[in-house]
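Subject: Structure for you to look at

Hello,

Here is the structure I said I would pass on. My notes on it follow below.

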Amino acid sequence: MDIKFDYNITSDEFLEMVESVGWKTYSKKQIDNALANTMYMVKATVDGKLAGIGRVVGDYSIVCMLTDICVKPEFQKHGIGLKIVEELKNLISSNVHEGEKMQIELTPTAGNESFYQKAGFKYNPEKITGMYL
Ligand SMILES: CC(C)(COP(=O)(O)OP(=O)(O)OC[C@H]1O[C@@H](n2cnc3c(N)ncnc32)[C@H](O)[C@@H]1OP(=O)(O)O)[C@@H](O)C(=O)NCCC(=O)NCCS
């Protein structure tokens, strides 16, 4: 499997990815705005075919959030999701300077907690529970 990563996602690719995993879709204008205001984004292709994406949004300084991590069903369970998260973590780390720290948060959908634990994230619902609106 020839997996390649690059750091740009078009709105059509974003739409193709979120539709492939059955997520709610957005208008093109919303997606364009979201991508234009994204801190870091990663796209994985396999043999030239779009296979997965992931994004980081945040303030470039203290806190950021992993979002829209998704791998097309036909490419799942080949390690691509973990590699996307790793790429994003590396991009974040490369911009955190000596003596600084940045918190990386995420809100996994139910059932995906152990995937993120494998990617190095802590899951401790007795101390921290995510919330959303
Ligand atoms: C979650 C998702 C990104 C994982 O991508 P993937 O490419 O299949 O994951 P990987 O192959 O890199 O899996 C890495 C490890 O996590 C495990 N894993 C993957 N998905 C998992 C899940 N949903 N629950 C538990 N473990 C999971 C794999 O078994 C693998 O473990 P192993 O190394 O011990 O074999 C993918 O299933 C997906 O896109 N799902 C739909 C969208 C989604 O729910 N995204 C997350 C939103 S929070």
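Leaving aside its neighbours within four places in sequence, which residues is Asp68 in contact with? They are Phe14, Trp23, Ile53, Gly54 and Arg55. Please keep in mind that this is a predicted model.

Asp68

Asp68 sits in strand 4. Its relative accessible area is 14%, and because that is under the 20% cut-off, Asp68 counts as buried. With one of its contact partners, Arg55, there is also a polar contact: the two side chains are joined at 2.8 Å.

Helix 1

Phe14, one of the residues in contact with Asp68, belongs to helix 1, which covers residues 11-20. Phe14 is buried there, and so are Ser11, Glu13, Met17 and Val18. These residues lie on the same side of helix 1, because they cover an arc of only 160° around the axis. The general rule behind such a pattern is that an α-helix has 3.6 residues a turn, so residues three or four places apart point the same way.

What do the buried residues of helix 1 pack against? The partners are helix 2 (28-36), strand 2 (40-46), strand 3 (49-58) and strand 4. After helix 1 comes Gly22, which has a positive phi, near 75°.

The ligand

Strand 4 (63-71) also has a part in the ligand site: along with helix 3 (80-94) and helix 4 (113-118), strand 4 supplies at least two residues of the shell around the ligand. Helix 4 gives the most, with 4 residues. The ligand is surrounded by 20 residues, and the closest are Val71, Lys77, Gly79, Gly81 and Asn112. Sorted by class, the shell holds 10 nonpolar, 8 polar and 2 charged residues.

- Lys77: a polar backbone atom is 2.8 Å from an oxygen atom of the ligand.
- Lys118: a polar side-chain atom is 3.1 Å from an oxygen atom of the ligand.
- Gln76: an N or O atom in the side chain is 3.5 Å from an oxygen atom of the ligand.

How much of the ligand does the protein bury? Taken alone, the ligand exposes 900 Å², and the protein buries 74% of that.

Regards

Conventions. Residues are numbered from 1 along each chain as its sequence is written. This is a predicted model: local features need pLDDT of at least 70, side-chain atom pairs count only at pLDDT 80 or more; totals for chains, interfaces and linings use all residues. Side-chain values use heavy atoms; hydrogens and water are left out. A residue is near a molecule or strand if one of its heavy atoms lies within 4 Å of it. A polar contact is a pair of N or O atoms within 3.5 Å; within protein, one must be able to donate a hydrogen and the other to accept it, and residues adjacent in sequence count only if both atoms are side-chain atoms. Accessible areas come from the Shrake-Rupley method with a 1.4 Å probe; for residues, only the protein chains shown count as cover. Ala, Val, Leu, Ile, Met, Phe, Trp, Tyr, Cys and Pro count as nonpolar, Asp, Glu, Lys and Arg as charged, and the others, Gly among them, as polar. Buried means under 20% relative accessible area, exposed over 50%, partly exposed in between (1.4 Å probe, protein chains only). Contact means heavy atoms within 4.5 Å. The arc is that of the directions from the helix axis to the C-beta atoms.
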